[in-house]
Amino acid sequence: MPDEHVSILQSLGVALLALATVVWGFGLVRLLRRFRSGADLWGANDTLHGLPPQRQTGPHLEAVELTPAERDAFAGLVRRLNDGY
């Protein structure tokens with residue numbers, strides 16, 4: 001027999017929480033059994049819809065013609081880097 005100081009609402013609250021726990025447990029068991037057959041829980045082919053699609057190719061290459069003075073300056077820079085400066 002419950003304690004005399006426990007109200008009806010408190011007893012109903014405990015019973016309701018116990019019932020919700022049992023229902024949640026049955027739902028969890030059903031969910032786990034459904035995905036136990038080797039299927040990926042999150043889906044192997046799902047994509048993230050919030051991200052833009054990835055490019056399949058890299059960015060376009062840009063080429064700039066250098067003047068003879070710029071080529072000489074670049075060759076000098078490469079020589080200095082190779083020498084350890």
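The legends below describe close-up views of a predicted model.

View 1. The predicted model contains 2 helices and 0 strands. Of the 85 residues in the protein, buried residues make up 1%. The protein exposes about 9000 Å², and 63% of that area is supplied by carbon and sulfur atoms.

**View 2. Helix 1, residues 8–35.** Helix 1 has 28 residues, which at 1.5 Å a residue should span 40 Å, and the distance of 41 Å between its end C-alpha atoms agrees with that expectation. The helix is hardly covered, since the count of buried residues among its 28 residues is 0.

**View 3. The nonpolar surface patch around W24, L28, L31 and L32.** These four residues, W24, L28, L31 and L32, together make a nonpolar surface patch of about 420 Å². W24 has its place in helix 1, and its relative accessibility is 59%. Because exposed means over 50% relative accessible area, W24 counts as exposed at this value.

**View 4. Helix 2, residues 68–82.** From its first C-alpha to its last, helix 2 reaches 21 Å over 15 residues, which is close to the 21 Å expected at 1.5 Å a residue. The number of buried residues among the 15 of helix 2 is 1, so this helix lies largely in the open.

How values were computed:
Residues numbered from 1 in each chain as written. Predicted model: local features only at pLDDT ≥ 70, side-chain atom pairs only at ≥ 80, totals over all residues. Heavy atoms only, no water. Helix = DSSP H or I, 4+ residues; strand = E, 2+ residues; numbered from the N terminus. Buried < 20%, exposed > 50% of the residue type's maximum accessible area, 1.4 Å probe, protein only. Areas by Shrake-Rupley, 256 points an atom, 1.4 Å probe, with all protein chains shown as cover. Patch = residues over 30% accessible without salt bridge, like charges linked within 9 Å, V, L, I, M, F, W, Y side chains within 5 Å. Salt bridge = Lys/Arg side-chain N within 4 Å of Asp/Glu carboxyl O. Expected span 1.5 Å × (residues − 1).
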